[in-house]
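Dear colleague,

Please read them alongside the model.

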Amino acid sequence: CVCLICSNLLEVKMISLGGITATAGLIVFPISYIINDCIAEVWGYRKARLIIWLGFLTNLMAIIFIQIAIILPWDGQKSFETVFSSTPRILLASFIAFLVGSFLNAYVMSKMKISSKGKHFSLRAITSTVVGESADSLLFFPIAFGGVVPVNELLILIVTQACLKTAYEIVILPVTIRVVRFVKKIDGSDVYDQKVSYNIFKIKELQ
């Protein structure tokens, strides 16, 4: 939830990394996918679904509070708005991209765990991230910047973000593997979603 909120606050800033243009949200957003992988791997799709919706709700609350703060008068109003304000398009793009990307990530992780009988965690983590991050980028940039940023630049942003976020996952994979093993050992959980409903709206299904 913290990663998602921070990501959306940073998403409005465009940065250049060695000539590659990306958004500052790249700093933290991939971590939410890594956590999503851990949750789906250890506790299954039901818990992942709950956390995804919780992330959505807390982010919505943060945005509401920020908008209220923007309305309140202050001498440094312009500077505050520059840092914290987001256009409705960017907020809408963020919400849609997050939900679709996160649920695809959890779905792929869940299905691959069943088909592989719990083996090949690294392959499952990377594959689910590629699917989730690609969907996230494919949705976010056209919705947020379509008609404002040239099409060729949009395509570059989409490919760059998806590749960098996936590379992020691969680099930190050794840590992810150790965290998953540790949590499984401590908690004693290793859920296989044999009879789970993949309906994203069944948030009452907590067990």
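How many salt bridges does the count come to by this rule, a salt bridge being a side-chain nitrogen of Lys or Arg within 4 Å of a carboxyl oxygen of Asp or Glu? The count comes to seven salt bridges.

Please bear in mind that this is a predicted model, in which local features need pLDDT of at least 70 and side-chain atom pairs count only at pLDDT 80 or more, while totals for chains, interfaces and linings use all residues. Residues are numbered from 1 along each chain as its sequence is written, and side-chain values use heavy atoms, with hydrogens and water left out.

One of the salt bridges joins Lys113 to Glu41, at 3.8 Å from N to O. This pair links distant parts of the chain, since Lys113 is in helix 5 (residues 88-115) and Glu41 in helix 2 (residues 29-43), 72 residues apart; helices here are DSSP runs (H or I, at least four residues), numbered from the N terminus. Both Lys113 and Glu41 are buried, that is, under 20% relative accessible area with a 1.4 Å probe, protein chains only. Glu41 and Lys113 also belong to a network of salt bridges with Arg124, Lys184 and Asp190.

Lys165 forms a salt bridge with Glu133, the closest N and O atoms being 3.9 Å apart, and another with Asp136, at 3.6 Å. Lys165 lies in helix 7 and Asp136 in helix 6, so this pair ties together parts that are 29 residues apart in sequence. Lys165 is buried, at 3% relative accessible area, as are Glu133 at 0% and Asp136 at 7%.

Conventions
Helices (H or I, at least four residues) and strands (E, at least two) are DSSP runs, numbered from the N terminus. Buried means under 20% relative accessible area, exposed over 50%, partly exposed in between (1.4 Å probe, protein chains only).
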